[in-house]
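Please consider the structure shown below.

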Amino acid sequence: MTDMASNRVRVIVLHPALGPLDYRVPHGMTVEPGSVVVVPIGPRQYAGVVWEEDRLPCETVGDNRLRNLVSVADAPPIPAPVRRLIEWTANYYLAPLSSVLAMSLRTSAAFEAAPTIVEYRATGLVPDRLTPQRAQALERIADRQGLVRELATIADVTEAVIRGLVKAGAIESVTVNTDTPYPLPDPRHAPPDLSDQQAAAASILRQAIGAHAFQPFLLDGVTGSGKTEVYFEAIAAAIAAGRQSLVLLPEIALTEPFLTRFARRFGCDPVAWHSDLRQSQRRRAWRAITRGEAMVTVGARSALFLPYPNLGLIVVDEAHETSFKQEDGVHYHARDVAVMRGKFEDCPVVLATATPAIETRHQVELGRYEELKLPGRYGAAELPQIEAIDLIQEPPERGRWLSPRLVTAIDACLERGEQALLFLNRRGYAPLTLCRACGHRFQCPNCTAWMVEHRLIRRLACHHCGHTNPVPEACPECGAEDALVACGPGVERIADEAAALWPDARAAVVTSDTIWSPVKAAEFVHRMEHGEIDIVIGTQLVTKGYHFPNLTLVGVVDADLGLAGGDLRASERTFQQIMQVAGRAGRGEKPGTVYIQTHSPDAPVMQALVNGDAEGFYAAETEARRDAGAPPFGRFAAIVVSSEDRQAAEETARLIGRSAPKPDGMHVFGPAPAPLAMLRGRHRFRLLVHARRAFDVQDVIREWLGALSWPQKVRVTVDVDPYSFV
């Protein structure tokens, strides 16, 4: 509780430009470290959290200059382990404390205790005056519900359009209770029939739950080995012990299949936390989590920072996934922060994956993580056979992208009444559009990137900033008509080829453009399970977590795609991605086959895939990393300088480069224009810091950049342990 003799507290305010500030606690108000409060700054009011003074040094202000706290929220204090996690994350990733804290308070529920909220939904009535915007709004809203601004965002119209539909009776208000309790999962509802290997792994995890101690586990099982059933037993043990569990998934589109499996095992859904939630759902989830009533939460990486008061287990599913690394705001990696949260909470952490990252495997070798292996598929399912197709020896027909051997295999698959998957990690129809008359290439005006043609929506789109244009009738450079040519394939182009080859087959394109919410994912899963789809054409979205027993053939259209770009993890990422997509084949009793189309069948990564030599591949990759001093044997940190003014960005980057310290064990490379030299209208320059593993690179960068100043229009961001090098 507050020391009432001093009557002052230190507060982290949710404002990234401000450090800790001291305030007076007014008479009659009670606060403690972790209390969520509202404070005045100038004429405005901001949210903040009371912190321990001895952990946050700041300039001491005389008592006579202190301003009063405005109010304290009707919410439990942020627990001490969460506060320690916030401090660690801010320190390790060189981020403002307030920016990390904001991830724990991602809802107004932290500050308001209103038990009800008014939302809106369509009534089914079509208004007499149906403008194009109103028609679009009603079509996109369908059976969704939310605040006026949420519906406007869903429908891509203004709030005025939504309010007009309310007045016309096409949309009605509905009162939602945000404090309705969630059903409690029952650990004894439907216990599974585990194999001996699964039972052994589950027993070790149950013991770890009972020990109430920090222990990281790598649950390493081939695709289809039943990893989910194993960690479900750990969740059951945590529920029985009255402790909360958190499961992190890399994509919200995976949430719906997970919810179905969870409900079958525990009799109800877990609490979901992801970006597709309405505000009322977010408020209800946050309050249930903070009160310890939400026993199991499943969510995207941001769920990691929520203030669970009684956390007993953390699971990171598909732990190898690069989408666990946040690329804007606070550049944290959820896999690594999850391990640190387990350390602060004194609870086990399970990293579940069929293709562990080299960094994770290294922690096992050092004895820091305990490995639990599931080497075989569950039940009668067997691992698929993998074959490489040399595109130089067996090229597709002119104007086509699927080789004759793959086409023949899909013919046979469809004749047997089975399902096929064509994988290409490239959205849209074509990655580049140019004019055959003058050679003009369509480039994004805001980014150093080509505009990608999307024929389904008849637009050119930038996949970096979201800028779109209609596909023009004529070349904007030379005016030639019917001269625009699509270069290279995207999934939409492969879908066109599939429609031409198999006109009677029912196809589905699965990308983030078509599966943008858990509801859309559920529709796709339902259609696959009920045999309503014959051929799936998808991006990396289909590589994760899906279980379709009748899917027996996978074709990787361009296995070389991920090897381009000079990324240090390119081979590892390609291996993981193709192993994951291969894992979608033959998950039932029918055997599966995977065909990998490549121009480099002799490349080590392709040989490892075909021969099933994961250990040999990882050993060679690990040795190459060791030789280069790359992670996990060395450390990287990127410094990215950006501004709308190119000269200001370049001058600041050169200033940082000139001022670089030269301690033993650390080198600074650059500055140089970033490979993506312009992003969202900002010019970008990069420096790369390379250091020994044991070197405290954060302190050096903090002191180095802290001594410099640059124009306000220039932004300097630091990415510790970068995953993107563009």
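Helix axes are lines fitted to C-alpha atoms over the stretch in contact, and the angles between them run from 0 to 180 degrees between N-to-C directions. Helices (H or I, at least four residues) and strands (E, at least two) are DSSP runs, numbered from the N terminus. The model is a predicted one, in which local features need pLDDT of at least 70 and side-chain atom pairs count only at pLDDT 80 or more, while totals for chains, interfaces and linings use all residues. Residues are numbered from 1 along each chain as its sequence is written, and side-chain values use heavy atoms, with hydrogens and water left out.

The description begins with helix α1 (residues 80-92) and helix α10 (residues 334-345), whose axes lie 9 Å apart at an angle of about 140 degrees. That angle makes α1 oblique to α10; under 35 degrees counts as roughly parallel, over 145 as roughly antiparallel, 65 to 115 as roughly perpendicular, and the rest as oblique. On the α1 side, Pro-81, Val-82, Arg-84, Leu-85, Trp-88 and Thr-89 meet Val-337, Met-340, Arg-341, Phe-344 and Glu-345 of α10, where contact means heavy atoms within 4.5 Å. Sorted by class, this contact of α1 with α10 has 7 nonpolar, 1 polar and 3 charged residues. In this scheme Ala, Val, Leu, Ile, Met, Phe, Trp, Tyr, Cys and Pro count as nonpolar, Asp, Glu, Lys and Arg as charged, and the others, Gly among them, as polar.

Glu-52, found in the loop between β4 (44-51) and β5 (71-72), is in contact with Pro-33, Arg-83 and Arg-84, leaving aside neighbours within four places in sequence. Glu-52 is buried, with a relative accessible area of 16%; buried means under 20%, exposed over 50%, and partly exposed in between (1.4 Å probe, protein chains only).

Ser-571, Glu-572, Phe-575 and Gln-576 in α15 meet Ala-614, Phe-617, Tyr-618, Glu-621 and Arg-625 in α17. The classes in this contact are 4 nonpolar, 2 polar and 3 charged residues.

Two further residues lie in other helices. Thr-228, in helix α7 (residues 227-240), is buried at a relative accessible area of 10%. Not counting residues up to four places away in sequence, Thr-228 touches Arg-261 and Asp-317. Leu-655, in helix α18 (residues 646-658), is partly exposed at 23%. With the exclusion of residues up to four places away in sequence, Leu-655 touches Leu-708 and Ser-709.

How many disulfides does a search of the whole structure find? The search finds 0 disulfides, a disulfide being a pair of cysteine sulfur atoms within 2.5 Å. Cys-435 is in none, and the nearest cysteine sulfur, that of Cys-475, is 3.7 Å away. Cys-435 counts as buried, at 1% relative accessibility. Cys-444 is likewise buried, at 4%, and the sulfur of Cys-444 lies 3.6 Å from the closest cysteine sulfur, in Cys-465, which is too far for a bond.
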